Amino acid sequence: MTDTNRRPLAGAVVELNLPASTGSLRTVTTGGDGKYRFERIVPGVYVLTVRLQGFASAIRDLELGDGGEAFEFDVQLQRLLADGIA
């Protein structure tokens, strides 16, 4: 995870949800380098949600094939203005 200036964002909550499967919500937090990792991902259509205080949330629909067991995807978060608008 990075901000719009490509600086890493630590502490962002990243959720990966497979809506077609009950109980498939997985959550991780980005490290000091802004990176996160989901392992043992099965193919499917997922919803990736990223939240961090002071930034606009990001939601992405992703179709993941049989590309391997690990998953990483970079998202840039936009800082909120004082009134809560991105």
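**Close-up views of a predicted model**

View 1. Thr-49 touches Val-13, Val-14, Glu-15, Ala-58 and Ile-59, when residues up to four places away in sequence are left out of the count. The model shown here and in the views that follow is a predicted one. Thr-49 has its place in strand 5, and with a relative accessibility of 15% Thr-49 counts as buried, because the limit for that class is under 20%.

**View 2. The hairpin of strand 5 and strand 6.** Strand 5, which covers residues 44–51, and strand 6, which covers residues 58–64, run antiparallel and are joined by 7 bridges. The two strands form a hairpin with 6 residues between them, and within the turn Gly-54 has a positive phi of about 90 degrees. Where does Gly-44 find its bridge partner in strand 6? The partner is Leu-64, while Tyr-46 stands opposite Leu-62 of strand 6.

View 3. Is Glu-15 buried or exposed? Its relative accessibility is 17%, and Glu-15 therefore counts as buried, the limit being under 20%. With residues up to four places away in sequence set aside, Glu-15 touches Leu-25, Arg-26, Thr-27, Phe-38, Val-47, Leu-48, Thr-49 and Arg-51. Thr-29 lies 14 residues from Glu-15 in sequence, and the C-alpha atoms of these two residues are 8.7 Å apart in space.

**View 4. The salt bridge between Arg-51 and Glu-15.** The side chains of Arg-51 and Glu-15 meet in a salt bridge with an N to O distance of 3.1 Å. This pair links distant parts of the chain, with Arg-51 in strand 5 and Glu-15 in strand 2, 36 residues apart. The side chains of Glu-15 and Arg-51 are also joined by a polar contact of 3.1 Å. The two partners fall into separate accessibility classes: Arg-51, at 35% relative accessibility, counts as partly exposed, whereas Glu-15 is buried, with a relative accessible area of 17%. In total, the structure holds 5 salt bridges.

**View 5. A network of salt bridges linking Arg-37, Glu-39 and Arg-40.** Arg-37, Glu-39 and Arg-40 are linked in a network of salt bridges. In the bridge between Arg-37 and Glu-39 the closest N and O atoms are 3.3 Å apart, and in the bridge between Glu-39 and Arg-40 the corresponding closest N and O atoms are 3.9 Å apart. Which of these residues counts as exposed? Arg-40 is exposed, with a relative accessible area of 61%, whereas Arg-37 counts as partly exposed at 43% relative accessibility and Glu-39 counts as partly exposed at 38%.

**View 6. The largest nonpolar core.** The largest nonpolar core has 19 residues, and those with the most contacts inside it are Met-1, Val-14, Phe-38, Leu-48, Val-50, Val-75 and Leu-77. Strand 2, strand 5 and strand 6 each supply at least two residues of this core. In soluble globular proteins, nonpolar side chains tend to be buried together.

**View 7. Glu-63, an exposed residue in strand 6.** Glu-63 is found in strand 6, and at 69% relative accessibility Glu-63 counts as exposed, because the limit for that class is over 50%. Which residues does Glu-63 touch, not counting residues up to four places away in sequence? The contacts of Glu-63 are with Gly-44 and Val-45. Pro-43 is 20 residues from Glu-63 in sequence, with a C-alpha to C-alpha distance of 7.6 Å in space.

Methods. Residues numbered from 1 in each chain as written. Predicted model: local features only at pLDDT ≥ 70, side-chain atom pairs only at ≥ 80, totals over all residues. Heavy atoms only, no water. Pairing = 2+ DSSP bridges. Helix = DSSP H or I, 4+ residues; strand = E, 2+ residues; numbered from the N terminus. Buried < 20%, exposed > 50% of the residue type's maximum accessible area, 1.4 Å probe, protein only. Contact = heavy atoms within 4.5 Å. Polar contact = N/O pair within 3.5 Å; in protein donor to acceptor, adjacent residues only side chain to side chain. Core = buried A, V, L, I, M, F, W, Y, C linked by side-chain atoms within 4.5 Å. Salt bridge = Lys/Arg side-chain N within 4 Å of Asp/Glu carboxyl O.
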